[in-house]
Amino acid sequence: MTPEFVNAGFPIITVSILIPLVAAAIVFLLNEKFAKPISIVSSVVVFILSSYMLLTYDPSGYKIQFYEKYAWIPQFGISYEVGVDALSLTMVWLTAISFVVAFVWSTNIEKRVKEYFIAFLVLEAACIGVFVAWDLVAFYVFWEVMLIPMFLIIGVWGYSERIYAATKFFIYTFFGSLFLLIGVIGMYIYNYVENDVLSTSYFDLLKLSLHYNLEIIFFLLLALGFAIKVPMWPFHTWLPAAHVQAPTAGSVILAAVLLKMGTYGFVRFNLPWFPEASKYFMPVMFTLGVIAIIYTAMMAIAQTHIKRLIAYSSVSHMGFVTIGTFALNQEGVNGAIITMISHGLTSGALFLAAGFIYERLHSYEMKDLGGMAKFVPVFATLFMISAMASAGLPGLSGFVGEFLALLGTFKVSILTATLAGLSLVVGAAYTLWLYKRTMFEEELLTEEKKEEYSKLKDLNTAELWSFLPLVIFMFVIGIYPNWWINLINNTTHFVLHKIVGG
Amino acid sequence: MTIVQQLVAGLGVPNFQVLIPEIIVLITALLVFVLELFTKSRILISTVSVVGLAVGALSILTISEGAITLYGLYIVDSFSLAFKFFLIVFTILAIVNLQPYVESKKTYYGEYYYLIIFSLLGMMIMVSSPNLVSFYIGLELMSVSTYILVGLWKKDYKSKEGAFKYLIMGGAGTAIISYAIALIYGKTGSFDFARIFHEVQDKSDIGLTVAVALLIVGLALKASAVPFHFWTPDAYEAAPTPITGFMASVSKIATYAVILRVMVEAFPLNNAIWSYGWAVLAGVSMVVGNFVALKQKNVKRMLAYSSIAHTGYILAALASPNGMGFTALIFYSLVYLFMALGGFIFLSAFEKNGNWTNDIEDFKGLAKKHPIMALYMLIYMFSMLGIPPTVGFMGKFGVFLALISSNVWWLAVVLVVTSIVSAGYYLRVVAYMYMYEPVKEGRFYLNPIEKFTVGFLAVMVLVIGIYPTVFWEISNVLTSVLIMNIGVR
């Protein structure tokens, strides 16, 4: 199955990558006070471009659209090759919306403003690049470039343990990605030896028919890189540290975009390239996924630090994506992709909520919180919607993806589906627990606390506008998931074409 | 014909005109030598050196055709010309940064200049030697000049210690190499690479194996590969920082080039036992260099160990004795020039200030005081670590390609693991610069020349990293020249 390529009349993807970079250069040159407006405007432009692509994308058949290809390092057959299918496109769109939210939220940043926005702008360009690159070296370059700004964001603007967390994040990811690099180079060399073609293009490597043992080896090399990023149990320990220490906008991007790169990698590379190995590793992935879901949900319940709780809940939700992906059927992979989008929206919103609480009360610890709801009603409402979407309430985005993922899994392994399904209850428990301990329990408040709370200000304009897009799309996906499923259906079909045939 | 050409034609040596760059460099060295006796003006001396070297570099561009001269003792081909060009250019960069440094340290030694140029001349001879004799002469000229350069601060204990260690170890290396040359001559009856190649082609006996092993040991010592690296940290730390930069970049690259040339042209590729030797040395260098660097608190010393680790990365390409490996080695060597010199010049720029000690503590909050310089250092650190879009990634990428294409998986894994270890200390520098508050008050004085050099090299690291095609093409061409030379003559 070779995809069709629809060339871009206007290099819209390249422009989307360049806009944040150019904006970063402008911010670098101009006065500090221009940093915020320039960043917000550029991210909104990127969001408009990605929405335009989303709306004009043709979901019938499998076509790589807005496709561009230019020679880059011809000696090695490396080119700059970008384009989108539905999977890439939804991820690009998610990246764009998350960055708009992050920038709008960041209007209250005061420490080293210029550097802050430059780091985020470079990060945005790299994140978009990861999702649109079809050349493996270009993909890897974007994948690694993203480490530098994220390292700085956690390390410079984070909280007290930030340097440890930033270094841990960097070294974990770097470790995984070097194995990913070896895997990619291995495939490249193998392709050269077999077919005498020097190419790092995704589609050329797709044509390769690998020996079974080689498939297993390459699968493992790539999977290590992706699993750390997801993060799958037992590689998840960097995530709570990074989330707890990162500034709010950094957490939003980390949860909404960076974690998706891992699962994106599985869906994009592991399934189509290594069909046999994927089948072989299905039980392993199910086991790891279920452990992630149950174990980290338990961990989440035990937390008193609200950011750490949300971080563990992310690992748990990504477990659903893992089992959905490795159910290796249409429903499962569809569910995985929808969960990725939905988790991007909900976890982003939850981290914003945590940031809001910290800004008002200067603590992430549950013992210092509670009883806020009455004093900040608008925030309480939006937080409630996000929490419910995260817990998987029907009608909101979280439900659709997890339901589909479970449905897909159920067809393959009833045990896995049952265990994962049961943990949805735990998921609801910790989300409600989080909400109850931060928003309700007003009766536990002392008089002076009440006095203090009555002075709290509800969401200001910037905060409101960073919440709203996320919440709106939680409803959009939750109420009319068909449009999204229709969008990704053919892509999923392509992803699975070597596994299920056709 | 120019006058020079007529003159040399009169000497009766065929193809003498291809020696023009060497002659210009030699004249510059002698001129500076004489000038230094009569004037105390550092600016004049350094200007003369720079102008002389620049003319030398330009004269390389006028040579359109390679040739063998001095009756087979000297070969000028694209390989040697390209390396000579880079060597001269980076020597100029080191020299222009030497002047502000020694000025602030109040150590007026004019000897620095002509010693550097003599050392450069040695390297130029070395990279264009088709013969063990000229190879040996070049190597010695380079080494002896560098011994003195390290020890020139006579009154400083560290300088003496570093120079002494370097002299003893380097001398041992020289002895080993001469013994290897004697053995090779005894076995093959020739010093000429091509003749040796034909003689040893189908032979494998203990004498030859020992000879090659000794040659490898000697060269590894010069390239500071573990376990022959003990002189490196001390000599690097003791030398004035711009000289350290010169040694870590220019001398190193010349050594890699000559290693490549000797190994490829004199010893057959089809049963290249030497590649195992280099593979082991490279692996050990990566492990030791990176792990010891982790412990360093002094950034200059840390960079010295990092340079040992880089010797490992670069020589690892020899584990794959084919075109891909050689290309990777040449590419990595050329781009390593930019990172290594840049890093050391960065240190030298700050070291001029009395309250700067190269200790990692001094880096705290540097990004606040000198945001642009800190950004340059960040680029160097991530480049040495091998993160795209810097050129360090492209270098490692080439080495990975070479290793995996020759199925040397174990070395690739060593490279991966040690790269991750190296993140520990490179990231520490970045973290100290960006994530701590400044401890010392006031800004540091920086010379515009130094700012320019550091900035220029950092920008090049990024530019070549994003668009490496030109450098890959150069490396490809040089490799094909090298391979074409095998067994010819």
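Modeller: Begin with contacts. Two residues are in contact if their C-beta atoms, placed from the backbone, lie within 7 Å. One thing first: this is a predicted model.

Biologist: In chain B, what share of the contacts with a separation of 6 or more comes from residues 24 or more positions apart?

Modeller: In chain B that share is 80%. Chain A also has 80% for its contacts with a separation of 6 or more.

Biologist: Next, the parts list. How many helices and strands are there in chain A?

Modeller: Chain A has 21 helices and three strands. Chain B has 20 helices and two strands.

Biologist: How do I judge whether a chain is compact?

Modeller: Compare its radius of gyration with the value from the globule rule, 2.2 Å times the number of residues to the power 0.38. Chain A has 502 residues, and the rule gives 23 Å; its radius of gyration is 22 Å, so chain A is as compact as a globular protein of that length. For the 489 residues of chain B, a compact globule would be near 23 Å, and the 22 Å of chain B agrees.

Biologist: What box do the C-alpha atoms of chain A fill along the principal axes?

Modeller: Roughly 75 × 60 × 40 Å for chain A. The C-alpha trace of chain B spans about 65 × 55 × 40 Å.

Biologist: Now burial. How do I read it?

Modeller: Count neighbours. A residue is buried if 20 or more other C-beta atoms lie within 10 Å of its own, and exposed if 12 or fewer do. In chain A, 61% of the 502 residues count as buried. In chain B, 60% of the 489 residues do.

Biologist: What about the inside?

Modeller: In soluble globular proteins, nonpolar side chains tend to be buried together. Here the largest nonpolar core has 399 residues. B:Leu87, B:Ala316 and B:Val335 have the most contacts inside this core. Helix α14 of chain B, residues 323-351, gives the most to the core, with 21 residues.

Biologist: Which residues does B:Leu87 contact, leaving aside neighbours within four places in sequence?

Modeller: B:Leu87 is in contact with B:Leu120, B:Met123, B:Met124, B:Val250, B:Ile253 and B:Ala254.

Biologist: On to sheets. How do I read one?

Modeller: Find the strand order, then the direction of each pair. In chain A, three strands form an open sheet in the order β1-β2-β3, with mixed pairing. β1 (4-7) and β3 (78-84) of chain A are at the edges, each with a single partner strand, so one side of each has no neighbour in the sheet. The twist from one strand to the next averages 45 degrees.

Biologist: In what sense do β1(A) and β2(A) pair?

Modeller: β1(A) and β2(A), residues 63-73, pair in the parallel sense over three bridges. A:Glu4 stands opposite A:Lys63 in β2(A), and A:Asn7 stands opposite A:Tyr67.

Biologist: And how many bridges join β2(A) to β3(A)?

Modeller: Six, and these two strands run antiparallel. β2(A) and β3(A) form a hairpin with four residues between them. In the turn, A:Gly77 has a positive phi of about 65 degrees.

Biologist: Why is β3(A) largely enclosed by the rest of the structure?

Modeller: Because six of its seven residues are buried.

Biologist: Last, the two chains together. How many residues of chain A are in contact with chain B?

Modeller: 25 residues of chain A are in contact with 22 residues of chain B. On the chain A side, α5 (136-145), α6 (147-157) and α7 (162-195) each give two or more residues. The largest share, 14 residues, comes from α7(A). By class, this side of chain A has 19 nonpolar, four polar and two charged residues.

Conventions. Residues are numbered from 1 along each chain as its sequence is written. Chains are lettered from A and ligands numbered from 1 in the order in which they are written. This is a predicted model: local features need pLDDT of at least 70, side-chain atom pairs count only at pLDDT 80 or more; totals for chains, interfaces and linings use all residues. Ala, Val, Leu, Ile, Met, Phe, Trp, Tyr, Cys and Pro count as nonpolar, Asp, Glu, Lys and Arg as charged, and the others, Gly among them, as polar. A nonpolar core is a set of buried Ala, Val, Leu, Ile, Met, Phe, Trp, Tyr and Cys residues joined through C-beta atoms within 7 Å. Two strands pair if DSSP finds at least two bridges between them. Axes are lines fitted to C-alpha atoms, for helices over the stretch in contact, and angles run from 0 to 180 degrees between N-to-C directions.
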